[in-house]
Amino acid sequence: MSTKKDSSNKLQGKDLMNVGIYSAIYFVIVFAVAMLGYIPIMMPMLCVLVPLIAGVPFMLFLTKVKKFGMIWIMSIIMGILMLLTGMAQYALIIGAFSGLIAELIYKSGNYKSQSKAVLTCGVFSIWVWGNFIPLFFKRESYWAARQSFGEDYINTLNSLMPIWLCPILLAAAFVFGILGGLLGKTLLKKHFKKAGIA
Amino acid sequence: MIRLENVHFQYGDENENNGALHDINLEIPSGQAVLFCGESGCGKTTITRLINGLIPHFYEGRLTGKIRVDGQEIQSQELYDTAKIVGTVFQNPRSQFFNVDTRSEVAFGLENQGIREAEILKRVNQTVTEFQMESLMDRSIFELSGGEKQKIACACVSTSSPEVFVLDEPSANLDVHSMKLLHNMILRWKQQGKTIVIAEHRLAYIWNLIDRVIFLESGKIAKDMQPAEFLKLSETELHSMGLRSNNEQKISKMHKATDIKNIEFKDITFGYKKGKQILDISKIQIPEHEITAIIGHNGLGKSTFLRCICGLEKKCKTRMIKNGAMIKRKKCLAECFLVMQDVNHQLFTESVLDEVLISMEQEDKEKAQEILAELDLLEYAGRHPISLSGGQKQRVAVATAIASERDILLFDEPTSGLDYKHMLQVSAIFQKLKAKGKTIIVVTHDMEFIEAISANIIELNTNSVKNYAQKEFREEVDCNEKEKLPAEVI
Amino acid sequence: MEVLSSRKQRRGIGLDPRTTIVLLLMVAVFVLGGAGGNELIWARIILACVPVVLLLTSNNKLKCIVFVLVYLLGYFLQFYVLGHLTGILNSLMLATAGMITSFLPGLMMGYYAVSTTTVSEFVAAMERIHMPEQVIIPLSVMFRFFPTVVEEAGSINDAMRMRGIAMGGKHPGKMLEYRLIPIMTCSVKIGEELSAASLTRGLGAPVKRTNICKIGFGLWDILFLGLSICIVIYWVLILIGVRV
């Protein structure tokens with residue numbers, strides 16, 4: 001995951017610090033939204049809400065991205081955090097790929113193009129979907145550890161999440177990631193440009 | 001040692017003239033201690049950033065000319081190489097530490113250079129003994145007071161023993177005692193023959209350390225003189241240059257504390273984890289419709305005190321007695337308004353006018369405009385609050401307080417880091433608020449400001465308060481101060 | 001508020017940060033993540049006890065006792081009280097109790113990890129396992145920065161309470177914006193100052209960083225790592241279909 005490009009394009013201390021700072025802001029916001037997942041009906045909705053709201057800090061982050069690797073590293077960091085918070089390894093695996101693709105998309109727009117930025121935001125958001133994989137494909141072991149939630153809760157959730165929902169959630173994460181990107185772009189114009197931080 | 005040739009600099013935004021520099025030619029020989037001063041926005045911070053390389057490597061903008069430090073051209077040198085010859089202490093102690101524990105922080109600079117562990121430990125210990133800060137080691141940055149943090153920041157720079165020390169308004173958040181500590185650190189560097197560059201407008205604590213004073217005016221060097229010359233300037237001349245007094249204490253007009261009604265606050269108690277009591281004040285009386293200044297040394301919990309009074313601190317069961325009626329904590333929130341030290345926390349909307357409107361019980365555009373006009377903000381009504389200057393933001397916060405019809409206004413260090421002109425602006429706002437019948441409580445270290453607002457003074461201690469009429473306070477401070485400050489200063 | 005700790009004296013049995021990270025992962029994967037399903041219930045119980053032991057030996061006895069009591073309460077609710085309730089209340093309470101019992105060990109382990117590992121030790125540990133600098137710097141900055149973001153959010157929340165602007169107030173749609181924007185602007189500003197300060201102190205130089213904190217494996221580390229390895233081997237055996 002290191003970025004061995006020619007040295008002028010190599011990530012410098014400043015860039016790496018930015019990745020850390022924006023990851024912290026991004027994650028705190030994601031975490032706050034994800035608390036809603038406690039209510040069963042909201043669980044699948046997280047694939048809508050998280051990309052939508054997290055699009056705002058992410059778009060701000062993109063204004064600082066000028067070199068290859070920053071988006072990818074952030075994606076991997078989100079995966080690591082998911083692993084540490086007990087959401088299993090899938091977000092890390094998915095994020096390693098979606099982050100790279102997002103990176104390449106933004107790079108293809110020379111780290112400038114606004115429409116590419118919105119698309120990048122959509123692709124980046126797919127890591128959120130990664131967290132849902134065990135719910136669909138590893139249902140048995142996922143709930144084995146959560147027997148204590150009670151039959152009702154598990155049944156409610158399972159009925160809320162039939163297997164066909166899986167690709168829909170993937171699409172939702174992407175689409176709402178794009179919408180989040182657009183929202184972020186609007187807010188960027190409205191607030192941050194004037195504040196001189198974007 | 002430091003050489004600036006034909007330097008022009010402008011921050012990214014074309015229209016933004018703040019902090020821009022024009023036509024700077026300057027040579028600072030090795031071992032000289034230079035003070036850069038001038039009004040906010042005159043470019044003194046920009047100069048420090050040119051020397052430590054943050055411009056152009058971190059802050060972007062249009063830069064022409066040459067900057068050399070120790071023969072090296074800063075523009076073409078990477079920041080981590082500049083770091084070996086230039087060390088910087090910043091204004092905000094909250095945001096200049098990478099680590100959380102003090103020892104690692106002091107070692108941080110050397111670790112980054114990849115110096116051997118044994119050598120680092122040796123040098124860290126040396127610094128710790130030199131500055132007598134054993135008691136500050138292996139502690140959390142978060143539990144230190146502002147003064148202690150600034151001491152650590154100085155030690156951090158000191159361990160790497162650079163040739164040039166750059167300080168950017170290091171005293172902005174410090175009380176008199178902490179400024180004295182800072183003074184001693186700088187004195188040490190001076191004795192070691194280091195080159196020192198300080199940007200400041202609080203001048204009192206550093207007079208005897210300075211070899212040269214450079215006064216900047218809208219990005220240009222307006223005066224370059226010996227301190228002796230500068231000291232001859234009268235207070236009024238200094239003030240007209242936007243500078244703070246070079247002398248902390250003055251005789252003041254006696255404040256007439258006639259028989260006024262008091263608001264009483266009871267049971268201001270607050271303890272942190274580990275059972276250490278921070279505040280334990282059973283009763284404090286604040287005169288109504290007057291300005292009261294709360295003073296006390298760094299790290300005493302003055303900000304917590306304000307949070308308790310206005311009912312923000314849930315763990316604190318403070319009650320307020322006003323006009324004979326007892327008001328519980330939650331109701332206090334509706335009576336008081338706290339203007340925080342970092343006003344950015346309390347501005348949310350996209351225009352100044354909106355900001356005032358959402359604070360009103362019933363949105364009333366006309367009234368809102370009236371309030372804005374009163375605070376000289378009308379012309380900014382459509383501006384985004386974040387895009388305003390610090391002082392303007394503060395006034396917007398005050399406007400929201402007036403709009404929400406609060407009677408008690410609390411201020412947390414409203415003048416920290418302000419130059420003379422802006423300090424007077426704040427004081428004018430205070431007088432206006434007082435004329436409107438508001439009760440004002442302000443926490444501050446700024447004696448000149450207290451003077452300007454002729455406030456009642458209350459000195460805060462952990463479990464007691466001491467009331468002063470202003471004059472007797474002056475006398476008391478005078479004699480204390482003489483011990484604390486080096487003789488040359490006075 | 002602090003996320004990564006500062007003091008050495010709280011360290012208790014003084015695990016190497018690498019061991020702490022491994023244990024954190026083990027608890028996350030097996031206790032929270034439920035890897036291994038029903039066959040590994042024993043491992044889950046052992047791992048759930050690990051943070052209790054660690055906290056007890058460090059100076060966090062009080063917190064440990066509180067954690068254990070809350071845990072037992074959750075357990076008690078599940079088995080004795082909830083059978084007697086019915087309907088939506090029952091399932092909500094059950095879910096809450098379930099959350100407590102499954103998340104608490106992870107939370108305790110996480111608490112132990114962050115309260116006994118300094119930023120500097122974390123960096124040292126990451127360097128020892130040859131994590132590239134491109135991941136170490138962002139990760140350590142992030143952990144350093146979490147409390148700042150949370151602190152900023154807290155101040156903004158205070159300011160909103162003071163202004164009497166609450167969720168669902170006059171402009172419910174805008175509340176999110178009003179909250180999100182200042183959190184971001186304030187955090188970004190502090191972040192910018194933090195990076196500027198770190199860079200003037202030479203962070204990111206292309207030399208091999210040194211580190212003054214001593215890390216290394218001791219008896220306890222070997223014990224806990226051994227335990228972890230056993231569990232993982234058992235898990236792998238199950239995965240490839242060997243019955244033990």
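These legends go with a set of close-up views of a predicted model.

**View 1. Chain B at a glance.**
Of its 490 residues, 51% count as buried. Look at contacts in chain B between residues at least 6 apart in sequence, and 71% of them join residues at least 24 apart.

**View 2. The four-stranded sheet of chain B.**
Four strands of chain B line up as β2-β1-β4-β5 in an open sheet, and the pairing is antiparallel. The edges belong to β2 (21-28) and β5 (72-73) of chain B; each has a single partner strand, so one side of each goes without a neighbour in the sheet. Helix α1 (residues 44-51) of chain B packs on this sheet, where it touches β1, β2 and β4 (61-69) of chain B. The direction of α1(B) makes about 120° with that of β1(B).

**View 3. Strand by strand through that sheet.**
Start with β1 (residues 2-11) of chain B, which pairs with β2(B) in the antiparallel sense over five bridges. To find your place, pick out B:L4, whose bridge partner in β2(B) is B:L26. β1(B) also pairs with β4(B), again antiparallel, this time over eight bridges. There, B:I2 has B:V69 of β4(B) as its bridge partner.

**View 4. The hairpin of β4 and β5 in chain B.**
β4(B) and β5(B) run antiparallel and pair over two bridges. B:V69 turns up here too, standing opposite B:Q72 in β5(B). What sits between the strands of this hairpin? Two residues do, and B:D70 takes a positive phi near 55° in the hairpin.

**View 5. The six-stranded sheet of chain B.**
This open sheet has mixed pairing, and its six strands follow the order β6-β7-β8-β3-β9-β10 (chain B). β6 (86-89) and β10 (220-225) of chain B are the edge strands, each with a single partner, so each has one side left without a neighbour in the sheet. From one strand to the next, the twist averages 20°. Helix α1(B) packs on this sheet, touching β3 (33-37), β6, β7, β8 and β9 (212-217) of chain B. Its direction makes about 145° with that of β8(B).

Zoom in on β7(B) and β8 (residues 195-199) of chain B, which pair in the parallel sense over five bridges. A handy landmark is B:V166, with B:V197 as its bridge partner in β8(B). As for confidence, β7 (residues 164-168) of chain B has the highest mean pLDDT among the elements of that chain, at 95.

**View 6. Where chain B meets chain C.**
The contact takes 52 residues from chain B and 46 residues from chain C. On the chain B side, α3 (79-85), α4 (102-113), α5 (117-130) and β16 (336-339) each supply at least two residues. Which element gives the largest share of the side of chain B that touches chain C? That would be α4(B), with seven residues. Sorted by class, this side of chain B has 25 nonpolar, 19 polar and eight charged residues.

For chain A, an unreviewed UniProt entry annotates several transmembrane regions, among them 118-137 and 161-184. In the model, residues 118-137 of chain A are 85% helix and 0% strand, with the end C-alpha atoms 30 Å apart. Residues 161-184 of chain A come out at 83% helix and 0% strand, and there the end C-alpha atoms are 29 Å apart. The unreviewed UniProt annotation for chain C includes 20-35 and 41-57. Residues 20-35 of chain C are 81% helix and 0% strand, with end C-alpha atoms 19 Å apart. Residues 41-57 of chain C are 100% helix and 0% strand, and their end C-alpha atoms lie 25 Å apart.

The model scores ipTM 0.86 and pTM 0.88. Chain B has a mean pLDDT of 83, with 89% of its residues at 70 or more. Helix α17 (residues 470-484) of chain B has the lowest mean among that chain's elements, at 47. Residues 250-256 of chain B have pLDDT below 50, and this stretch has 14 contacts beyond near neighbours in sequence. The pLDDT also stays under 50 over residues 478-490 of chain B, which have 17 contacts beyond four places in sequence. Chain C averages 81, and 86% of the residues score at least 70.

How values were computed. Residues are numbered from 1 along each chain as its sequence is written. Chains are lettered from A and ligands numbered from 1 in the order in which they are written. This is a predicted model: local features need pLDDT of at least 70, side-chain atom pairs count only at pLDDT 80 or more; totals for chains, interfaces and linings use all residues. Two strands pair if DSSP finds at least two bridges between them. Two residues are in contact if their C-beta atoms, placed from the backbone, lie within 7 Å. Axes are lines fitted to C-alpha atoms, for helices over the stretch in contact, and angles run from 0 to 180 degrees between N-to-C directions. UniProt positions are given in the numbering used here, feature names are shortened, and annotations may be inferred rather than shown by experiment. A residue is buried if 20 or more other C-beta atoms lie within 10 Å of its own, exposed if 12 or fewer, and partly exposed in between; C-beta atoms are placed from the backbone. Ala, Val, Leu, Ile, Met, Phe, Trp, Tyr, Cys and Pro count as nonpolar, Asp, Glu, Lys and Arg as charged, and the others, Gly among them, as polar. pLDDT is the predictor's confidence in each residue, from 0 to 100.
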